[in-house]
Amino acid sequence: MRGGLRLYLVIAVLARLAEEGMAVAVVLLAAERTGSPAQGAFTLTAWMAPHVVSAPLAGALAARARRPRLFYVPALAGYAASIAAVALLLGRAPAAVTLGAAAPPSARITPASTAAHQSRSSAVSSATSPN
């Protein structure tokens, strides 16, 4: 396996673990800090809503990027900062502040959302291209 592919796989797996683990962690953290999982559910809703809106756009941008690293590095940094902000604020700050930290669309451009779009795009283009 080539070094570039190995690095991509490691980063993609870690990003997907963070993405999927966020749902469980938010609810458990809210239940621990506030005594109610409802705050976790609200925060998780604010976290997931931008995915629905921005994932297709992010995937299209990633597919067209000349230098994908310049696209993914700031996206991952914003994503990590958003996770850290939610973890620090949940149960310690007013709910509106926590929801605001969970909802910024700029933090939703993740390898999980863009890789899925790229896979679909390449599958469609290879299926429709004349041989």
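Mentor: Let us begin with methionine 22, which counts as buried because its relative accessibility is 7%, and buried means under 20%. The model is a predicted one, and methionine 22 lies in helix 1.

Trainee: Which other residues of helix 1 are buried?

Mentor: Besides Met22, the buried residues of helix 1 are Ala12, Ala15, Glu19, Val26 and Ala30.

Trainee: How do you know that the span of helix 1 agrees with its number of residues?

Mentor: Helix 1 has 32 residues, which at 1.5 Å a residue should span 46 Å, and the C-alpha atoms at its ends are 45 Å apart, so the two values agree. After helix 1 comes glycine 35, with a positive phi near 85°.

Trainee: What makes leucine 14 exposed rather than buried?

Mentor: Leucine 14 has a relative accessibility of 53%, and exposed means over 50%, so leucine 14 counts as exposed. Leucine 14 lies in helix 1, which covers residues 3-34, and it belongs to a nonpolar patch on the surface together with Leu7, Val10, Ile11, Val13 and Leu17. Together the residues of this patch have about 550 Å² of accessible area.

Trainee: How many helices and strands does the chain have, and what part of its residues counts as buried?

Mentor: There are five helices and zero strands, so that the pattern read along the sequence is α-α-α-α-α. The chain has 131 residues, and 30% of them count as buried.

Trainee: How many aromatic pairs does a search of the whole structure find?

Mentor: The search finds two aromatic pairs. One of them is formed by tryptophan 47 and tyrosine 79, with 5.6 Å from centre to centre and 50° between the planes.

Trainee: Why is the pair of phenylalanine 71 and tyrosine 72 given the name edge-to-face?

Mentor: The ring centres of phenylalanine 71 and tyrosine 72 are 5.5 Å apart and the planes stand at 80°, and since planes over 60 degrees apart count as edge-to-face, the pair takes that name.

Trainee: Are phenylalanine 71 and tyrosine 72 buried or exposed?

Mentor: Phenylalanine 71 has a relative accessible area of 18% and tyrosine 72 a relative accessibility of 17%; the cut-off is under 20%, so both count as buried. Tyrosine 72 lies in helix 3, and its C-alpha is 8.0 Å from that of alanine 62, ten residues away in sequence.

Trainee: Why is alanine 81 called partly exposed?

Mentor: The relative accessibility of alanine 81 is 44%, and because buried means under 20% and exposed over 50%, alanine 81 counts as partly exposed. Alanine 81 lies in helix 3, with 9.3 Å between its C-alpha and that of alanine 101, 20 residues apart in sequence.

Note on methods. Residues numbered from 1 in each chain as written. Predicted model: local features only at pLDDT ≥ 70, side-chain atom pairs only at ≥ 80, totals over all residues. Heavy atoms only, no water. Patch = residues over 30% accessible without salt bridge, like charges linked within 9 Å, V, L, I, M, F, W, Y side chains within 5 Å. Areas by Shrake-Rupley, 256 points an atom, 1.4 Å probe, with all protein chains shown as cover. Salt bridge = Lys/Arg side-chain N within 4 Å of Asp/Glu carboxyl O. Helix = DSSP H or I, 4+ residues; strand = E, 2+ residues; numbered from the N terminus. Buried < 20%, exposed > 50% of the residue type's maximum accessible area, 1.4 Å probe, protein only. Phe/Tyr/Trp six-rings, centres within 6.5 Å; stacked < 30°, edge-to-face > 60°. Expected span 1.5 Å × (residues − 1).
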